[in-house]
Each structure stands twice: as structure tokens, then as C-alpha cells.
Amino acid sequence: MKSADLQRLVTDLGKKGLPVAEAYGKEGRSRRLKWVSGNKEVQMLEEMGWALRAGGENGAFFWAQAGPLEPPSSWPSPQGLPLELPPLLVGQPWVEPGDLQAPLIGEGDGFALMESVNRKISADLPGARLVKAVLEDGASESRLANSEGVVGESRSRTAAFLLEAVYSREGKTVLGRLYTAEREARNIRPLALGSRLVDFLSTRLEGRPQKADNTTVILAPRVMTSLLAALEPLWCGPQAINLARRLTEADGRLASPNFHLSDNGRRPGGIFSAGIDGEGVPTREIRLVQEGRYCQPLLPWNQGRGNRGQSSGCTRRPGWRDRPRVSPSHLVLEPTQERVPSLLKSLKQGFYFFEVEAEAVLDASTLRLSIPVLGFEMENGNAKSPVRGSRLEGSVCQFLRGIEGIARDLTFYPGQGMIGSPPVLISGLNLRVP
Amino acid sequence: MPFSVLDFATVSRALSRLKEREDESIDAYFEVVDEVEQLPEEDRPSRRHRVERGFSVRLRREGRSWMASADEVTGQRFEHALRQVARVHPRSSLAVPGLRIGDLPEENLEPMEKFPTLLARAIRVHHVAFPYELRVRRHRRALQAVSEQLKSPAQMEAWYSLEWQMPWGCGGTLEVDLTREVAANVAKSMVAFFNHREAASPQSGSRRLVLGPKAAAVFLHEAVAHALEADVLAAGGRPEAAIGLPLGWEGLNVIDDPQNAPQAVAREVDDEGSPTRRRWLLRKGVVEQPLADTGWTRGSTLLEAGAGRRSDRHVPVIPRCHHLELLPGEADEADLLSLAEGGLWFNEVSWGRLDPWTGKFQLSFPWGRKIEGGRLAGAIGPCRLRGTVAELLEKILALESESHPSGAGWCAKEAQRLPVWANTPSLTLRDVEIQS
């Protein structure tokens, strides 16, 4: 499926009374390795499909089809509102990363990765074992052409790794689950993942629920990125501006002065880095929050006007079946130079949470955040006792304005796009036992 | 059917050429999928179509399986997929020249186009008005399994999915037809949701409950059907070890019968081509036959295949129920309510969840009603039912004397979303933990 084929389709549609049209095609191949309680499955997926958004004054339709570009004998009638497509916009030059060409991981190497994790957790935590592992390593190419003259191509490469392990002791069994993503499977570090699972399982088994009011916590990147992901209504689309206004205090700040948040669709080394977004609009870095003051949300090409903010290439399309949707690509809370030990030392009494038992939830009506966490009660910088079965709660304002310290070790986790955060010290939150 | 042009003999011959030993198996799966979605007009575009044709091949050898899948049905792609799973170059040719499958026939989308108007009228009958967004989808799926020895009957499923979103929550249902009756039932659900939107949640504690047919269907789907899938059972040991174990109240008879589903979605064979059966998951509260696919029945004399399902060609088959039946009891509605006097009644469910490792189970209700004087009384707000599967199934006191088709919905397991259907009576439970 070449760009020229997509352009020809768009031109043909114009002749058939559908002057506004965008054709998108994607081809990909991936290898998925699955290990469940000793049984091994290998899958080789070759995906190919294309999608069309087309219409005119009388409305539009969306058509997605698997396989090569073979249009149907007739198109559906356009309906609803007219379609709008981005014009040709020129962005900064884009240099594709060199590692997109790397071959997919082989069967042997992939299962060896899983076995390394299993050995690590079994050795470090007798009674623990891996029960499921799924590794998917894939590469894809997408192309786009629209009636406004936009023509674009991009390539991507992603490896995703899911691990589930159990730990049994004294008649009790707990489950731990981790999910991670890298550009290539070869970048996955099995021993580090094994250590994470060991900490997860042992804390989950040995921990006790704890309650605390108005407490101080250090949140590891895994926890903080889940919170940032739950706050997506604050980061995406023009409607986020009203929400930000509601949350901004009299001093003009949404968050504490050390809070700087940005999104960058072409972040160097980023898993989802690309020169253009899902509609062919050039990507770039957009500052969302600066020194705790809300700058703007991510705004697609037709939403950046007046004092709303600047538009950017910020729509993502996970696959050819999907319509483009505003979403972060690499949402980053900027780190500082402060080391984690010094952050821990400053914590006289409080908690350190390093994992989540489920993702954070934002109650849209009360604007309160809640997240079930795993970690330790801390005293004078030392771990006192493990904690599980507790929810960290507070208003959005309490979370964002209570940030007193930000460390330097930036780590990314997959969510809607990739989300990166360093460890963060926050005061004034509550710990509840559900 | 799109598979009338498929050259089964050539496909089977190509598959058989890969087989090296008797204990190996190799099969192919072809599918055609068609989905039309109608969205609110403000969504651009508000009409979406998706058409897919593709296949997968699977080889199982010495405890491992290899699968290759593609989005184009041609001889060249098929041969390439066979070589991918074989991983060596067989001496004989794997060519399947001229391989193709057809399209699903064109369909009249008028029921789907008219449904929003039917629903709006049905809501007005209740003399209320509220904002909502409605998504209507038409789903069609045709599939054909072929092995080196067998060509099973092609299968076709067609259904609608409805999703509504209101400022106070959301809901949905699956239906095989979009009739006035369906519109009336959906309107009733939405109006109740609107009327009870400010109801206070009940106090946490132990209560007696009556679950209406919809809620009972979700309860059984999570607590019984998922718990008795062979891969879920395997998490705690051999799946066969569950056979003969008492799991619940002796009046509990739970069956998965894909052939007894509504005609438009009834299944003669599963997604591997294995014949489906009237499978007694629980007979008088005792586990009789877990849900299994051929991956779990190989090497087992006790498990039976026929419950293998997959959401599409790019994912493996896993055990899942299709059409769950709870055989009715002897109680009428008045009996069920009087047994739960002072308790709570629920019929709508937001979600259900089972932790296979601990057996812990949760069901979330958006609203319900109190039971006072043997009748449904004031509304109550959101709350959750919590417990373990074993405890909850022992707490069933009575079943309604009539079953109702209800509780059809999407089941997501391992990121595979599939429609599931049910036919259940209402039931009463004692001493269930309700959390506000």
C-alpha cells in the first residue's frame, strides 16, 4: 500500500462528490510469545488495513477495511456534520530513529527473557513463581493522504511485556502483575522486572492496610504516572481549559511551583516518537503546565485559536480501525537534580508507595483522585512496615499543590501514550482503608 | 455464506502436509466481520463501517503451539502462514492457488437507523427528559474452521450493541433485534437511572438480596462461568480436579448451551470447529464439566472441548461460555421478595469482577430498591456486593420459577471482547456483604 495509492483514492473520491477525504493505511508484523504455566505459544501476526474518512457538505462517513486497498463497489451515504481535515502544515525536520529497522525478537530469546524473570523471582522470593508472561514485539508502517494536500508516512517499533506471578506462603496466595513497554524487546531488563515483581509480591503478602489523615508520601514513578494518566481530562482537548479554570487557585496556580509538565510527540528516544501525528500534522513539544501555572491543553490542528493555546500534532491512531483521537504521546513531569535518598531522608513520618494495585481513578463530579497503593510506612527515612490494601485519596488540588519535592530519576510507563515521572514527595493526602 | 467459494479440499491437503506425527494437530480459521456504527450526530463522522476478512493457521506439537494470522485471504498469504508455523521448509508444496472467500451479503440498516427515534419516543412515554448520547452498532461475524481431516459447519452470528451515556453514568445491552419492545426496555432502564440518580447509597453491611434476571445473569457469568473455565482453574492446579467438587447450593443448575442461544447467535460448533454441547457447569451445585477448548482436552480424558472462543483471527482460542442458563426454581416474585424482607433488590449491574487466585468476587450496582412489606420500595444508590465465589453460591435461598432472556453483554477476558448471552430467573441471596 503506497502513498500514491492513497492519493489516487482521495482524488477519485473527489470526482464522486466526496471532496473532503483522508485515506490512511497501516501494515505491521509482530511476534507474540505467550508462556502460561509452562505451556508455550508463538504467534506471528501480519496485519494490514486501511481507513477512509470522507464526505462533503452533506456529512461524512468512516470506512475501515482489512487487507489491501480494494475499495467497495459503492460507498455509504454521508451523514451528520461535515468533515474537517487539517491543511498541509510544515513542521521541523524529522529524522527517523535508527533502531526502527531492528529485527523482531526470536522465539528462543523471547522465552529466555521470561525464564530469566522466573529464575530471578524464584531465587529472591522462595514460594514465588511466574504464571504468565506475554511478550509482543512489533513493527509497523503507516501512510496517510488527504484532500488538503497532506501526505505523510511514519514507522514505529514497540515491544510490550506483561508478567503475572504468584507468591504463596503459610496458606496465603497473592498475585502480582507488571506491564512495561520499550522500543525493542532487547531493551527489556528481566532482572529489574524480576526485582519489581519480588517487591510487589512480598509487600502484597506481608503488608497490612493503614489509615492516615493529612500525611506525607513519596510516590515512585509507577504511582505518579498512574495519577497523571487519570488526569487526562486536564491535559487533552479544549474542554480541559474550563476544568483547569475550576482548579486554579487565586494565586493563578494549578499545582506547586516546581511542577512543570509537557508533552512531546517527537521526544528523542521516545517509543511513540514520530514526525507527524495520526492526521498528518507535525508533532512538537507543548508545555502544559509551567511553574505550577496551567499553560494550555493538547489542542489538535483546528482547536488552537485565540488564547486557548497553540495547536500541535497530538492525535494518535493505535491502528487502522481507529479514528484519530487527542492523546498524549510522551507526557513528562520534569525531574530536578534532587536525589531520591535526600527525598527519603526528608520524610520524617509518612509513607513511600512504589506500586499500584489498580490504576488511579478520577471522580469527575467531585474532582477527587483515588489510587490503591503498595509500599511502606516510613520513619526518619527508614521503612517501618509494609502497607497494602489502602487507597491514597485527595482532591486534584491536594495532589498537585501538595508537591513539595521532585527527584531526578525519570521513568516512563505505558498508558495513553507513554507517561514519565520522577519520584515525587507530596504532603496533605489521606490514606484510607476501603 | 462467504465460504461457499473456499476450496476446502486444497486447504485440508495443505494442512495435512505439515503434520509429522499423529499427536500433532493443525487447523485453519477463516473469518469475515462486518460492523456498522451509528453515533451521535456531533461525532464526526457519525456513521462508521468496518469490514474484515482474514485467517489464521495453528500448529500444535509437543506441548507448544504456533499460530500465524493475516488480513488477506490469498493462496500466497496462506502458504506463507503455513511456512511460518512449520518453521522448516516442508518438501512438498503448501500452495493453495486461488484461495479466496466471499463477502457477507448487503444488509438493510433501517432498524438501526430508526432505533434512536424509537428510543426517544419510548422515553417520552415516561414524561421525563434528560440528555444522553446513544451509540448503536450492528455486528455480523461469519467463521469457518478447517482441519486436516474435518470441515466443520460455517457459523454466522448477527447482533446489535447499544451503549448509552448520561451525565450520571452509562449502560448498554446486546440485542438480536431492535424492536419497539427493546426500545421500551432500554428506555425503562435509562429512565430508572435518571430517576434514581441522587439516591443515597445503602449502609455497608450484611443484607439479603434479590437479584433480578439481568443482575443474576452477570452474577453467574462472573462467579460460575469464569470460575469454571479450564485456564482459570489451571491457575490453581489441574482443571479436572474441579470435577465433582460441590461449589454451591444444591438447587443450583448452571448450563452453557450455545445451541440454545437466540437463533441469530446460536452456535453449532465453537471457534475451533468442535461441536458445542449442552454443558452442565453445575448440576445440583456440583461441578460437572468445566469450559474447555481442545488445548485443554489434549491429554485429558475428563475435559470436553466445544467451548473455545476467540474475538478475532489474531488472538488464540481460550475457553469461554456463550449462552448461560440457570434452570428456574419454584418461587414466585412474592416469595423471593418476602424471603429478602428488609433487604435490597438489584437488576442493573455496572460491572462484575472475579479474582481467579483468591476466588474473591465483586459486583457493582448503579442503583437498586429497598424491599419493605414484601414489595419494592424506595431507591438506593451505588453500592457493591463482595464475597468469595464459594460463599456466595452457598447463600442462594431461592430461584424464580421462570427464566428470562436477559443480561446479554460484552465479556472481556485477556483483552478479547466477546458477546455473551443468558437466560436466568431472579434469585434471592442471604447475608451478602454490601459495601457503600
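The model is predicted, so local features require pLDDT of at least 70 and side-chain atom pairs count only at pLDDT 80 or more, whereas totals for chains, interfaces and linings use all residues. Residues are numbered from 1 along each chain as its sequence is written, chains are lettered from A in the order in which they are written, and side-chain values use heavy atoms, with hydrogens and water left out. Chain B and chain A bury about 3,600 Å² between them, and the whole structure holds 68 salt bridges over all chains.

**Interface of chain B and chain A**

- Contact, defined as heavy atoms within 4.5 Å, involves 39 residues of chain B and 40 residues of chain A.
- Of the buried area (the accessible area, with a 1.4 Å probe, that two parts lose on being put together, summed over both), 48% is on carbon and sulfur atoms.
- B:Arg44, B:His49 and B:Trp357 supply 20% of the area that chain B buries against chain A, more than any other three residues.
- Between the two chains, 23 residue pairs are in polar contact, both residues being at pLDDT 80 or more; a polar contact is a pair of N or O atoms within 3.5 Å, where within protein one must be able to donate a hydrogen and the other to accept it, and residues adjacent in sequence count only if both atoms are side-chain atoms.
- The side of chain B that touches chain A divides into 11 nonpolar, 11 polar and 17 charged residues.

**Salt bridges**

- A salt bridge is a side-chain nitrogen of Lys or Arg within 4 Å of a carboxyl oxygen of Asp or Glu, and 5 of them cross the interface of chain B and chain A.
- A:Glu46 pairs with B:Arg77 in a salt bridge whose closest N and O atoms are 3.0 Å apart.
- Within chain B, B:Glu62 and B:Arg21 form a salt bridge at 2.7 Å, N to O.
- B:Glu62 lies in the loop between strand 2 and strand 3 of chain B and B:Arg21 in the loop between helix 1 (8–16) and strand 1 (25–38), so this pair ties together parts that are 41 residues apart in sequence.

- On a 1 Å grid over the protein atoms alone, a cavity is a set of points where a 1.4 Å probe fits but cannot get out, and a pocket is an open set with protein on both sides within 12 Å along at least five of seven lines; lining residues have an atom within 4 Å of a point.
- The largest cavity is lined by 14 residues, among them B:Asp270 and B:Arg309.
- The second largest pocket holds about 830 Å³ of space and is lined by 33 residues, including A:Arg189 and A:Phe412.
- Helix 3 of chain A gives the largest share of that lining, 5 residues.

How values were computed. Ala, Val, Leu, Ile, Met, Phe, Trp, Tyr, Cys and Pro count as nonpolar, Asp, Glu, Lys and Arg as charged, and the others, Gly among them, as polar. Grid points are joined across faces, edges and corners, and a volume is the space filled by probe spheres set on the points. Helices (H or I, at least four residues) and strands (E, at least two) are DSSP runs, numbered from the N terminus.
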